[in-house]
Amino acid sequence: MAYVLSIDDLTVTLGDAERRFTLRAGKWSIAAGEVIGLTGPSGTGKTLLLELLGMLRAPDAGRYRAEPLAGETGAPQAFDSFWKAPNAIALCAQARARFFGFVPQAGGLLPFLTVAENVEISQRIAKRPDPDWASALLGELGLSQIAHLRPGALSIGQRQRVAIARALAHRPFCVIADEPTAALDPENAQAAMGLLIEAAQAGGTATLLSSHDFPTLSHFAMRRMALQITSAPHDPNVVSTLVPLEAQKTASAPQEVSG
Amino acid sequence: MLILRLALRDLFFQKVHLICNIAVLAGVLVPLLVLFGVKNGVYNALIGQLLSNPRSLQIDTSGNTTFTTADAELVRGWPEAGFVTLKTRSQFDFVNVRLDGGRQKRDAILIPSGAGDPNLPEGVQLNASSAAVSAQLAEQLQISTGDRIDVITQAEDRPRQLRVQLAVASVLPPGGVSGRAVLAQIEVLDLVEAFYDAYALPEHGITEGRSFAQRAAVFEGLRVYARGLEDLAPLQNRIEAHFGIRTEARTAEVQGVLNLGRNLNLALLLTASVASLGLAAALVFGFWGEVQRKRQVLASLALMGLGGQRLWLFPLIQALVSAALALIVSFALLGLASLIAEQLFETGLAVGGLVQMTGAQGAVIVVLVMLFVVASSLFAARAALGIDPATVLREGAT
């Protein structure tokens, strides 16, 4: 199951009549095995963008589709239309279970399950049991020896590796990682990011990761995109736009937006 | 079902919280169960004492009114009425009794009886030539079931005694009718009364006197037994109103016990209601607090695609399992409390008599507690439904 995920002017606006924040995701796509590093100053809406792409928030406008790659099986998915369905919550939950894997900042592991069970849980939810693949992931990420432990007994780095294994266990089309190395020291951060990218590419999974950690990102080959504020300074209607990093370099310097 | 397994794993992982919830529930349930059990035990003992004596259900007419068999039939048709019999004049109820072939005679009272008489043991049937005798009379005259007895009476102005031979259909248990008594059908008593009234009874060897055919079949009174204790007062009122007479019954005593039962039920209901309010508040906020505490866990599950619609089952399942465990603990503690109570208090009741609860009552309590807990967990279930899976991305986790 290999798809290309295409985003076409996906837009969402938050706030009220007096003060608004609009995120414009532009037009781009990501195919199986690709890695995109998403950067941008605080307050530009990186997490909001990941919520949109991870089927956690409804867009106000634009298209968000998944098309099977040429020669691949699978039905096209019009993700943006899921939100308009009467059973939107269930449809989006299904889409998350089937197409996406998530690596939150601090792991998001279930404290009552062991490492092995935390990895298997995404397979169970997606109804794609594959003990061999789960076991292979545990081995690849150096977790086999601690597979019987619960998250409470693990270091932060180990938890993050478990989260990476869990995100990949059900063979999603795309892994969405939000600041996956924020809680790690530089050495562990680089190792964890390397493992994530390597494991994702080995499984033919697209990777979308947001990070402030430019030095760590620079160690890996990936497409870079950045969010930047494109509205005028002090304009109460803030607009943040996603642009390829090359385009950003030619644009005016990104401005830090507080809050 | 994945959500069920996850909810249970989480529940038993957080043992301290589980124990707290069980303690909160059991802390309210155990005292209520003990109160309910004691109320049942004491009340059932009082009711049992009343029911063990058929006189508790008995209504006797008094006064100078006469009754016919039609009157008896009428009362027999009332739903509150159990056994109904006519009575002859009380001064003619005293007879002498002798075991057939025996030498000893004892005076005894002749009581009208018949099928359905609560004084008779289960299954004993009487006919015009059989009778039941009280334990005291049987003991003094060495009478056993199957023996024949002579019921003998003598009137001053009659040259011959009346002797009626009856088969003993039953010897009543010692706790039954007190004193020396013979229970026979009204026809036997009517015969005795006719003898006193100087009628000729040729089949009993008494040829002198008025013709029995001329005798009007009227009786001095009625003896009626209510179907149950609750029927006694209404039946007594109905008899008095219908016939315009006074009656005698243990209505005040019976009503006192019944009112005590009602008042105990009311007091228990009031106590349970007040306790339930407190428990409901504790459970609603407790379950809701659990959901808030587990927000990251629930959000993680939702993030991975475990449908939001099913997420509400998570707190509900945990609440139900906690309640089931609390019920097991509560009933175990109830058993323990009843053992201790029976050791502490000299009640004179049988073992297990002080704290009583039937299986049906237990089942109703289980269902009510489960429904109560489900209702208390709905707020938490709603909170679980409202959890945004993006929480995990925005707030970090574990």
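Where in chain A does A:Leu5 sit? I looked it up: A:Leu5 belongs to strand β1, residues 3-15 of chain A. (Strands are DSSP E runs of at least two residues, helices are H or I runs of at least four, and both are numbered from the N terminus.)

**Ground rules.** I'm working on a predicted model, where local features need pLDDT of at least 70, side-chain atom pairs count only at pLDDT 80 or more, and totals for chains, interfaces and linings use all residues. Residues are numbered from 1 along each chain as its sequence is written, chains are lettered from A and ligands numbered from 1 in the order in which they are written, and side-chain values use heavy atoms, with hydrogens and water left out.

**Around A:Leu5.** I have A:Leu5 down as buried, because its relative accessibility is 0%. (Buried is under 20% relative accessible area, exposed is over 50%, partly exposed is in between, with a 1.4 Å probe and protein chains only.) Leaving out residues up to four places away in sequence, I found that A:Leu5 touches, among others, A:Trp28, A:Ile30, A:Tyr64, A:Phe79, A:Phe100 and A:Phe173. (Contact means heavy atoms within 4.5 Å.) A:Ile30 is 25 residues from A:Leu5 in sequence, yet their C-alpha atoms are 5.2 Å apart.

**Helix α1 of chain A.** Next I checked residues 46-53, and seven of the eight are buried. A:Glu51 is one of the buried ones, at 2% relative accessibility. A:Glu51 makes a salt bridge to A:Arg57, with 3.0 Å between the closest N and O atoms. (That takes a side-chain nitrogen of Lys or Arg within 4 Å of a carboxyl oxygen of Asp or Glu.) A:Arg57 itself is partly exposed at 24%.

Which residue with a positive phi follows α1(A)? That's A:Met55, in the loop between α1 and β5 (61-68) of chain A. Its phi is near 60°, though A:Met55 isn't a glycine. A:Met55 is buried at 0%. In chain B I noted B:Gln142, also not a glycine, with a positive phi of about 60°. B:Gln142 sits in the loop between α4 (135-141) and β6 (148-153) of chain B and is exposed at 60%.

I counted 21 salt bridges over all chains. B:Asp10 pairs with B:Lys294 at 2.8 Å. The partners lie 284 residues apart, B:Asp10 in helix α1 and B:Lys294 in the loop between α7 (251-293) and α8 of chain B. B:Asp10 is buried at 0%, and B:Lys294 is buried at 4%. I also found B:Arg215 bridged to B:Glu193 at 3.0 Å. Both are buried. Shared partners join B:Arg89, B:Asp190, B:Glu193, B:Asp197 and B:Arg215 into one network.

**Where the chains meet.** How many residues does each chain bring to the contact? Chain B brings 25 and chain A brings 27. Together they bury about 2,500 Å², 67% of it on carbon and sulfur atoms. (Buried area is the accessible area, 1.4 Å probe, that two parts lose on being put together, summed over both.) I found one salt bridge between chain B and chain A: B:Arg9 with A:Glu117, at 2.7 Å between the closest N and O atoms. On the side of chain B that touches chain A, α1(B) gives the most, with six residues.
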